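Keep the 3D view open as you read.

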Amino acid sequence: MSLKVYNTLSREKEEFVPIHGNNVGMYVCGPTVYGYPHLGHAKSYISFDTIYRYLKFKGYNVKYVQNITDVGHLVGDGDEGESKVEKQAKIEKIDPYQIAYKYELEYFNCMDRLNVLRPDISCRATGHIIEIIDMVKTLIDKGFAYVTSEDNVYFDIEKFKGYGKLSNRTLDDTVSGERITVADDKKRPEDFALWKKADKGHLMKWPSPWGEGYPGWHIECSVMSKKYLGDTFDIHGGGMDNIFPHHDCEIAQSECANGCDFVKYFIHNNLVTVNGQKMGKSLGNFITLPDLFNKYDPVVIRFYTLLSHYRKPTDFSDDKIEEAKRSFESISKAYIKVSRLSLENVNLDEEIESIKNKFIEAMDDDFNTALAISYLYELVKIINTTNDVNKLVNIANLFNDVIIPILGIEFNNNLNDSSNNLEDELIKYIIELRKNARSEKNFELSDKIRDHLLSLGVTLKDSREGTTYEK
């Protein structure tokens, strides 16, 4: 079975055929770095990480590009208002560049913990101002953009007849006030900003032919995807909330500037809800990843995210994550049983080969991780019921060579299971016994306990605050 992907542009599954033979160019909209990454980021970047992993598993030479939006993204996603980065800088009373770098590091730290592979190229908007100005100039020279009396530059939406082809909106559907804030100097409300004049208090600004200013949000992705992947490339990804206006605007400015198709396949992941409600700070259910990691191991979050198809919404709740944790533990314990098995001559097992083929067929069907993971339970059942070493080695090889590299999940993670908890409680109890011995000035027993724990790989550290240990 050949790989099929759902293309938002055509609204159907299509056979995946790269533009340039075995080489694949993939661009995914990265985070706007003004706050801690949250559940929505986990859903999106785990999804595209799995797509990236699977394309490489299939033998494609993938160049994965992801941007860092550190300028140009205004509050409300419109053309008026305050920069999200600058607004946070004022709250924290530090430079906006510090804000951007601080939360960029937080983003990558959280992605690392989720075992999300780093993109091949991670590019900041602020590092491409020269190229952004060049593309804006090109759009003006070709008659697709105009400069206003207030030194703002807008894309003239009526000049591009294909506007809205991704979101399936007509120009009449794109009304004033729908995610696009109306500026007084626009020809029409639907036109979107390519370059904005900076007010006196604006900190992030650059010289341009139109005076000091900063880029609009949409232009950065057109510029950086062109620089690293060319005028036309294979895959553009992002969340469903990027379809309009962000990706519609990208298509318009890229195809007008470059004179050719922008992207062959648009892939969009669905969004996250919390206990059935849309996640939002105003609703009090906004969950950052650092907070979530204090409750759950990141590997469980990754596993739970992949239990639903990337194009379906993921609803987070404590009950559902606990259920996912139990499922993960059952698979992990079964895998650990076979992970150390090896045979010099392994005979192919037809039953295990059949499960492998079903797993790959599920992934070939628009990266259906939910269906693919369901076949792991068949493997768990076999592990727990057979003594056939050849069959068990085949299962171990399937995990190590196929399942783990594609899903990005280390199934040898024991989490904080009951055995680990019991061990920790026993150590704490022994420390308490040692404390009592010391209080009774029985230092011989106290030292004996310390030395015996050390021989078992447990180091005690005494301080004024008490005794801690390391394993």
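This is a predicted model: local features need pLDDT of at least 70, side-chain atom pairs count only at pLDDT 80 or more; totals for chains, interfaces and linings use all residues.

Start with the charged pairs. How many salt bridges does the count come to? It comes to 27, with a side-chain nitrogen of Lys or Arg within 4 Å of a carboxyl oxygen of Asp or Glu as the rule.

Find Asp 156, which makes a salt bridge to Lys 187 with 3.6 Å between the closest N and O atoms. Both partners sit in the loop between strand 7 (153-155) and strand 8 (192-197), yet they are 31 residues apart. Is Asp 156 buried or exposed? Its relative accessible area is 4%, so Asp 156 counts as buried, because the cut-off for that is under 20%. Lys 187, on the other hand, has a relative accessible area of 53% and is therefore exposed.

Asp 318 is partly exposed at 40% relative accessibility, and Lys 295 is exposed at 52%.

A further example is Asp 462 with Arg 434, their closest N and O atoms being 3.0 Å apart. Here strand 15 (residues 459-463) supplies Asp 462 and helix 14 (residues 418-439) supplies Arg 434, which puts the partners 28 residues apart. Asp 462 is partly exposed, at 41% relative accessible area, whereas Arg 434 is buried, at 3%.

Salt bridges with shared partners join Asp 156, Glu 158, Lys 159, Lys 187, Arg 188 and Asp 191 into one network. Lys 187 has a ring contact too: its charged end sits over the ring of Tyr 146, 4.6 Å from the centre. You'll find another charge over a ring at Arg 311, which lies over the face of Tyr 6 at 4.2 Å from the ring centre.

That brings us to the rings themselves. The structure holds 21 aromatic pairs. Take Tyr 27 and Phe 233: the ring centres are 6.4 Å apart and the planes make 55 degrees, so the pair is tilted. Tyr 27 is in strand 3 (residues 23-28) and Phe 233 in strand 10 (residues 233-239), so this pair ties together parts 206 residues apart in sequence. Both Tyr 27 and Phe 233 are buried.

Which arrangement do Phe 328 and Phe 411 show? Their planes are at 25 degrees with the centres 5.6 Å apart, so they are stacked. Phe 328 sits in helix 9 and Phe 411 in the loop between helix 13 (389-407) and helix 14, 83 residues apart. Phe 328 is buried, with a relative accessible area of 0%, and Phe 411 is likewise buried at 0%.

Conventions:
Residues are numbered from 1 along each chain as its sequence is written. Side-chain values use heavy atoms; hydrogens and water are left out. Helices (H or I, at least four residues) and strands (E, at least two) are DSSP runs, numbered from the N terminus. Buried means under 20% relative accessible area, exposed over 50%, partly exposed in between (1.4 Å probe, protein chains only). Rings of Phe, Tyr and Trp (its six-membered ring) pair if their centres lie within 6.5 Å; planes under 30 degrees apart count as stacked, over 60 as edge-to-face and the rest as tilted. A charge sits over a ring if NZ of Lys or CZ of Arg is within 6 Å of the ring centre and within 35 degrees of the ring normal.
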